[in-house]
Amino acid sequence: MDFISTKNHLNKVSGSYAIVHGIAEDGGLFVPESFPQLSQADFDKMLEMDFAERSAYIISKFLTEFTYDELLDFTKKSTARFNGDPAPVVKIKDGEFMLELINGPTLAFKDIALTLLPYVLKACAEKQKITEKIMILTATSGDTGKAALEGFKNVDGVSICVFYPSEGVAKLQKLQMTTTTGNNVYVAGVNGNFDDCQSAVKRAFTNPVFVKQLKEKGYILSSANSINFGRLVPQVVYYISAYLDLVNSGEVKFGDEINFCVPTGNFGNILAGYYAKQMGLPIGKLICASNKNNILTDFLTTGEYNLNREFFKTMSPSMDILISSNLERLIFELSGRNDVLTKMRMDELKKDKCYKITDEEKELYDKQFVAGCCDENETIESISSLFDEIAYCMDTHTAVAYKVFEDYKNQSKDSRKTVIISTASPYKFVTDVYYAITAEHVADAFRATRKLMNETAMPVPESLAELKTAEILFEDVISESEIEQTILNSIK
Ligand SMILES: *Cc1c(COP(=O)(O)O)cnc(C)c1O
């Protein structure tokens, strides 16, 4: 299977090229030339498989340069980093399920893709006969950074630089990143928000002077952000896997449609759900949940994507994003894969901070998506009411999704079963979660962790407990204009 750029369909490359380079030279995002279709026989086979096997099976449909067995070796190594099943489906109420993607090394759903990407990327570089080392550039709203650092630290032939908004991440997220050991890692805060970090990193990719300077130092660039198709494809797996688990447990009859509700920032997670649907998974609605930064809710309601708005810092910081990169891939599909139109709209977004899709495109999209948002008080209320009702404790991002799902359930007559995607451990956002449950403010994250454990009896993940005594290794805070020089300086 080949891949094409959203901005030029003639720019056609192999899967290994798309993953090694992360982004097309024309600034577009790589998408599969077509969506592989899953047959009844495929589903029947996968019903019997575990997560690592399903993962290799599905990924092999996209990355056809690899055999199932090659991929299985990688997916087994990736799932071994999880505490138990990487993607368990937990029933919380009749017809309502949580897909808990929170048991990886950094306690957020990004671990699913980022424990796997290093193996896939190395193998892709071999196929591409790349002789240079690979520099992974990562902009993070909090969780991608640590997940990428854990995946790539001490990997031979790879270096990784992570840039986070210096004042825009939770305290434990920051500690997770700045205490990372490893001989090939560099972490810095950036004065600005996530959009500033992401835009600066994207510019670096397409700045020929910088690319040349790096090359002289023996490096080519790649990305661990969800602009890289290698991040998206492992995420397609858990939608399909969750469905199969529900069939196996008798909750769903094969062929029945179910909904997924997804807490959304950069549109990577939910786009993977859309891809699963394109492959033939019986999905009804994809419910796109936003926090107070509700640009996607407005887009899904009006068809206009308008960046002229205030940016808010919220208690679900991994969703504090206004420029949702992966929406470009959806726009491309809705336009009937029109690369010229997609490029025009992305240019408009840069120049005028705004673009609008047509009524026909919006109709297509309305058939498959619904959107809603949730403010800060509602996030707290969502955590506390579900905990009071059934003693289930959610993190702040998952709480946004749960609230938006409840609103949809109450407003629509949709009785299909729904899977809510749980994207982070409550312990990662412990001060807000503890406040939601007890109405008591405990500013110290480690004290709040002890107290939340007493309140909920949920075991505290070891990796967080260790942070208390870990040494802080990275304290730099830079301006976005210094990103390129900082990367060059980080090379030893
Ligand atoms: C990254 C993240 C999200 C948003 O996912 P996108 O793929 O950016 O839409 C939601 N919740 C958590 C905890 C995250 O880390």
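So, strands E7 and E8: E7 covers residues 158–165, E8 covers residues 185–190, and the two pair in the parallel sense over 6 bridges. This is a predicted model, by the way, so keep that in mind throughout.

Now zoom out a bit. E7 and E8 belong to an open sheet of 5 strands, in the order E9-E6-E7-E8-E16, and the pairing is parallel. Which strands stand at the edges? Those are E9, residues 219–223, and E16, residues 477–478. Each of the two has a single partner strand, so one side of each is left without a neighbour in the sheet.

What packs on this sheet? Helix H7, residues 143–152, does, and it touches E6 (133–139), E7 and E8. The direction of H7 makes about 165 degrees with that of E7. Then there's helix H8, residues 171–178, which lies across E7 and E8 and runs at about 155 degrees to E7.

Okay, on to the other sheet. This one is open too, with 6 strands in the order E4-E5-E15-E10-E11-E14, and here the pairing is mixed. At the edges you'll find E4 (89–93) and E14 (369–373); each has a single partner strand, so one side of each has no neighbour in the sheet. From one strand to the next, the twist averages 25 degrees.

Let's stay with E15 for a moment. On one side, E5 and E15 pair in the parallel sense over 5 bridges, and the bridge partner of Leu99 in E15 is Ile421. E10, residues 258–263, is joined to E15, residues 418–422, by 3 bridges, and those two strands run parallel as well. Two residue pairs to look for there: Cys261 stands opposite Ile420 in E15, and Phe260 has Val419 as its bridge partner in E15.

Is E15 covered or open? Mostly covered: 5 of its 5 residues are buried. As for which way they point, Thr418, Ile420 and Ser422 go one way from E15, Val419 and Ile421 go the other way, and all are buried.

The helices on this sheet, then. H18, residues 396–411, packs on the sheet and touches E4, E5 (96–100), E10, E11, E14 and E15. The direction of H18 makes about 125 degrees with that of E11.

While we're on H18, there's a residue I'd like you to look at: Lys403, which is found in that helix. Buried or exposed? Lys403 is buried: its relative accessible area is 18%, and the cut-off for buried is under 20%. Leaving out residues up to four places away in sequence, Lys403 touches Cys374, Glu378 and Ser382.

For contrast, go to Glu48, in the loop between helix H2 (40–47) and helix H3 (51–62). Glu48 is exposed, with a relative accessible area of 69%. And if you like distances, Glu48 and Leu116 are 68 residues apart in sequence and 22 Å apart in space, C-alpha to C-alpha.

In soluble globular proteins, nonpolar side chains tend to be buried together. In this model, the largest nonpolar core has 136 residues, and those with the most contacts inside it are Leu137, Phe163, Tyr238, Ile240 and Phe260. Which helix gives the largest share? That's H11, residues 229–248, with 13 residues.

Setting aside residues up to four places away in sequence, the things Phe260 touches include Tyr239, Ala242, Leu281, Ile283 and Leu286, plus Val419 and Ile421. Apart from that core lies another one, of 39 residues, among them Ile380, Val400, Tyr408 and Ile437.

Last item, a helix pair. H12 (residues 268–278) and H14 (residues 327–334) pack at an angle of about 30 degrees, and their axes are 9 Å apart. Angles under 35 degrees count as roughly parallel, so that's what we call H12 relative to H14. Who makes the contact? From H12 you have Leu271, Tyr274 and Tyr275, and from H14 Arg329, Leu330 and Glu333. Sorted by class, that contact has 4 nonpolar, no polar and 2 charged residues.

That's my tour; over to you.

Note on methods. Residues numbered from 1 in each chain as written. Predicted model: local features only at pLDDT ≥ 70, side-chain atom pairs only at ≥ 80, totals over all residues. Heavy atoms only, no water. Axes fitted to C-alpha atoms, helices over the stretch in contact; angles between N-to-C directions. Helix = DSSP H or I, 4+ residues; strand = E, 2+ residues; numbered from the N terminus. Parallel < 35°, antiparallel > 145°, perpendicular 65-115°, else oblique. Contact = heavy atoms within 4.5 Å. Nonpolar A, V, L, I, M, F, W, Y, C, P; charged D, E, K, R; others polar. Pairing = 2+ DSSP bridges. Core = buried A, V, L, I, M, F, W, Y, C linked by side-chain atoms within 4.5 Å. Buried < 20%, exposed > 50% of the residue type's maximum accessible area, 1.4 Å probe, protein only.
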